[in-house]
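I opened this notebook to record, step by step, what I looked up in a structure that was new to me.

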Amino acid sequence: MLALIGCAIVVSGFLVGTVAEVKEINASVRGVVFGVASSVFVALYAIYVKKVLPVVNNNTWLLMIYNNINAGLIMPVCFVLMGEWTPIVESDVLFQQNYLGYIFAAGMLGFFINIATFLQIKVTSPLTHNVVGTFKACVQTVFAVHYYQNMTTWWFWSGFFLTVLGSAVYTYARFQ
């Protein structure tokens, strides 16, 4: 029951911060909708990973190989369908040494994040993975706000602290 309360506090923190920010700083409603949709798909992905792990004998490495092969086959199709293929191929930046280095580094970071995600979901649960991810996003947001010196509102900080509090309550409940 305490874990559910923690999750409810996390969601309320998100709602307080998001709804108020849309009103206070005229944030894009479209951006909020895409952000919420992104969160929904991340949650569904975590649930799906937990569901299919037994199919590969709980072998996270094998699941990651399948995941990367699927992504490698699906992404080019998405590029074409979304009209991104031509700008990518015609870009002057595409074959510059620095750019390829950045792309390689981003790919390696994504690979390692994928490993951590699969192991975390295997050892804990999709819900725990999402709560940890939400907490991580809060910490990143505070660093970004400080670094870029963004203006914030009381509602922003209220949402942030509710989300962190909810994460702490959830974590406490999981260790009881």
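I began with the charges, counting Lys and Arg as positive and Asp and Glu as negative, with His and the chain ends left out, and placing each charge at NZ of Lys, CZ of Arg, CG of Asp or CD of Glu. The mean positions of the 7 positive and 5 negative charges of the chain came out 25 Å apart.

I noted that this is a predicted model, in which local features need pLDDT of at least 70 and side-chain atom pairs count only at pLDDT 80 or more, while totals for chains, interfaces and linings use all residues. Residues are numbered from 1 along each chain as its sequence is written, and side-chain values use heavy atoms, leaving out hydrogens and water.

Next I searched the whole structure for aromatic pairs and found 8, where rings of Phe, Tyr and Trp (its six-membered ring) pair if their centres lie within 6.5 Å, and planes under 30 degrees apart count as stacked, over 60 as edge-to-face and the rest as tilted. I then looked up Trp-154, which is exposed at 62% relative accessible area, and Trp-155, which is partly exposed at 38% (buried means under 20%, exposed over 50%, partly exposed in between, with a 1.4 Å probe and protein chains only).

Trp-157 and Phe-161 form a tilted pair, 6.2 Å centre to centre with 35° between the planes. Finally, I recorded that Phe-156, Trp-157, Phe-160 and Phe-161 form one aromatic cluster.
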